[in-house]
Amino acid sequence: MSQRKKTTTPEQPSVLRPANAPASLEFEHAHSIFVRRHLDARSGERRGRLERGHQYAEKLFLEQVWWPLIGSFDGLHPEYEIHDWNRRSQFLDFAFLPEGGGRIGIECDGFQSHIKDMDREKFSYALNRDTFLTGMGWKMLHFAFDDIQRRPDVCRMLLQLSVGPLLFDSRRIKQTLTPEEKEVLRLAWRLGRAIRPKDLKDLYGFGHRKANVLLKSLVDRQLLRSVSEGTYACRYETVGRFPEQLL
């Protein structure tokens, strides 16, 4: 990726808001506070980069993907400055740095600037930069603008798989959940689909009764919700705003 900020798309199509997204005014208020807080904490080029770089695609990612899933901007940093192996300054669209540890870099990539207009040198640098950051302890996530705009449910599923495990390291989770409950909840978020008692029996060798007791315990804690099939609930889904429920 070059130092010049990418232009995600020349067009700004209408937002396809997911059915379960929070009210527009709620998001707009939270987003305004989020951006202002980071602007007030910066100066010079770092501030200028945020003013220039946090535009339509980045805001759409927050509205369509991040906010419906996470429900807050805690630990999230827009236009986050990093340095490559030559100490050249670069900026990630977002960096997620939760209190419990871990570093996730998030990029919103448009086809026009990242593929169609990318020459061999830029292509090589983009790959080398991500590999370098991986070696430095970062987990890099890339979301296509087309998916953010038209298939945000896919983006939320992929984000959940990557971000969810970091949120299990908070002290509160360690204090309130047993090791088995934590492992079951971790599996529920990792699967990216509804979890069943059979999944616990197949993976951990739990009996049917124990599997149901663990799942019911997580439902009682409002960390899972049951999905009914006929008379009995035999599948369970993770609760939407995971960090807001646990942190």
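Author: One definition to start. Axes are lines fitted to C-alpha atoms, and angles run from 0 to 180 degrees between N-to-C directions. Keep in mind that this is a predicted model.

Reader: OK. How do the axes of H1 and H3 cross?
Author: Helix H1 covers residues 24-40. The axes of H1 and H3 come within 11 Å and cross at roughly 120 degrees.

Reader: What do you call that arrangement of H1 and H3?
Author: Oblique. Angles from 65 to 115 degrees count as roughly perpendicular and those over 145 as roughly antiparallel, so H1 and H3 are oblique to each other. H1 passes H3 in a right-handed crossing.

Reader: And where do H3 and H7 come in?
Author: H3 spans residues 56-70, and its axis comes within 9 Å of the H7 axis. The two cross at roughly 50 degrees. H3 and H7 are therefore oblique to each other. H3 passes H7 in a right-handed crossing.

Reader: Switching to residues. Is Glu63 buried or exposed?
Author: Buried. Its relative accessibility is 8%, and buried means under 20%. Glu63 lies in helix H3.

Reader: How far is Glu63 from His31?
Author: Their C-alpha atoms are separated by 8.7 Å. Along the chain, the two residues are 32 residues apart.

Reader: What does Val154 count as?
Author: Partly exposed, because its relative accessibility is 31%.

How values were computed:
Residues are numbered from 1 along each chain as its sequence is written. This is a predicted model: local features need pLDDT of at least 70, side-chain atom pairs count only at pLDDT 80 or more; totals for chains, interfaces and linings use all residues. Side-chain values use heavy atoms; hydrogens and water are left out. Buried means under 20% relative accessible area, exposed over 50%, partly exposed in between (1.4 Å probe, protein chains only). Helices (H or I, at least four residues) and strands (E, at least two) are DSSP runs, numbered from the N terminus. Angles under 35 degrees count as roughly parallel, over 145 as roughly antiparallel, 65 to 115 as roughly perpendicular and the rest as oblique. A crossing is left-handed if the near helix is turned anticlockwise from the far one by less than a right angle, and right-handed if clockwise.
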